[in-house]
Amino acid sequence: MAAEAVALERGGVRFVTLAPVTERAGLHRTGVRRYYASKEELLLELAERGWRQWSAAIADEAQEGDGLGPREVAMLLADTIASLPVFCDLLTHVTLSLEGDVDIERARQYKTNAFAAYDEIVVVLDRASRMTVDQIQALLAATLAFAANFWQVSHPTPTLAALYEQVPDWGHVALDFRPRLRLLLQSTAVGLTETIPAT
């Protein structure tokens, strides 16, 4: 999708506008308006696509799994979501503004498709792992929260990147995304087996 390519080239979805997406897609500048009333609708469509891609990636990785432990489930979640950089970037923007800046029917469509993908992920992991549904749902919540926050922190804006060069002591917050996500999701998954025991 043209919008995803523009986001990757420009350093994030915050820099995506309709004009370069239209140009990249080879449409007349008014052409994209036939499909999307606003930039927010376009990015919400991209987020829906991300949910489908994440669900499919998890299904592919888990298809040979049987009795995966909490650490293995955490690694699977971390690695699959980290393979979708634009989706990780969008997670923050969806909650902050995108859902609220479209009309109610477009928001309903997004929620319907996102929850359908979420439910598929839960079913797949329930079959492939030793974790309970409650534990899986809690780990998914942690995955989404960590990925959304860590992505923004580990990909600072040009202003912050320049600031971290000037003050290296502050630069440590621009952490390495995937290793940090793996570490904290594994720790969370192990902890959830104790705090939400199987019944």
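Author: Contact here means heavy atoms within 4.5 Å. This is a predicted model, in which local features need pLDDT of at least 70 and side-chain atom pairs count only at pLDDT 80 or more, while totals for chains, interfaces and linings use all residues. Residues are numbered from 1 along each chain as its sequence is written, and side-chain values use heavy atoms, with hydrogens and water left out.

Of the 199 residues in the chain, 44% are buried, that is, under 20% relative accessible area, with exposed being over 50% and partly exposed in between (1.4 Å probe, protein chains only). Among contacts in the chain with a separation of 6 or more, 70% join residues 24 or more positions apart.

If residues up to four places away in sequence are not counted, Trp 51 touches Phe 87, Tyr 110, Ala 114, Ala 117, Tyr 118, Ile 121 and Leu 144.

Ile 81 leads on to a pair of helices, since it is one of the residues through which H4 meets H7. The axes of helix H4 (residues 70-82) and helix H7 (residues 133-154) come within 11 Å and cross at roughly 35°, the axes being lines fitted to C-alpha atoms over the stretch in contact, with angles running from 0 to 180 degrees between N-to-C directions. On the H4 side the contact is made by Val 73, Ala 74, Leu 77 and Ile 81, and on the H7 side by Leu 139, Leu 140, Thr 143, Leu 144 and Ala 147. These residues divide into eight nonpolar, one polar and no charged.

Leu 140, in helix H7, counts as buried because its relative accessibility is 0%. Setting aside neighbours within four places in sequence, Leu 140 is in contact with Trp 54, Leu 77, Tyr 118, Ile 121 and Val 122. Tyr 118 lies 22 residues from Leu 140 along the chain, and the C-alpha atoms of the two are separated by 8.7 Å.

Glu 48 is found in helix H3 and, at 3% relative accessibility, counts as buried. Apart from its neighbours within four places in sequence, Glu 48 is in contact with Arg 106, Gln 109, Tyr 110 and Asn 113. Tyr 110 is also among the residues that Trp 51 touches.

For contrast, Gly 67 sits in the loop between H3 and H4 and is partly exposed, because its relative accessible area is 26%. The C-alpha atoms of Gly 67 and Ser 129 are separated by 4.3 Å, although the two are 62 residues apart along the chain. Not counting residues up to four places away in sequence, Gly 67 touches Glu 72, Ala 128, Ser 129 and Arg 130.

Definitions and conventions:
Helices (H or I, at least four residues) and strands (E, at least two) are DSSP runs, numbered from the N terminus. Ala, Val, Leu, Ile, Met, Phe, Trp, Tyr, Cys and Pro count as nonpolar, Asp, Glu, Lys and Arg as charged, and the others, Gly among them, as polar.
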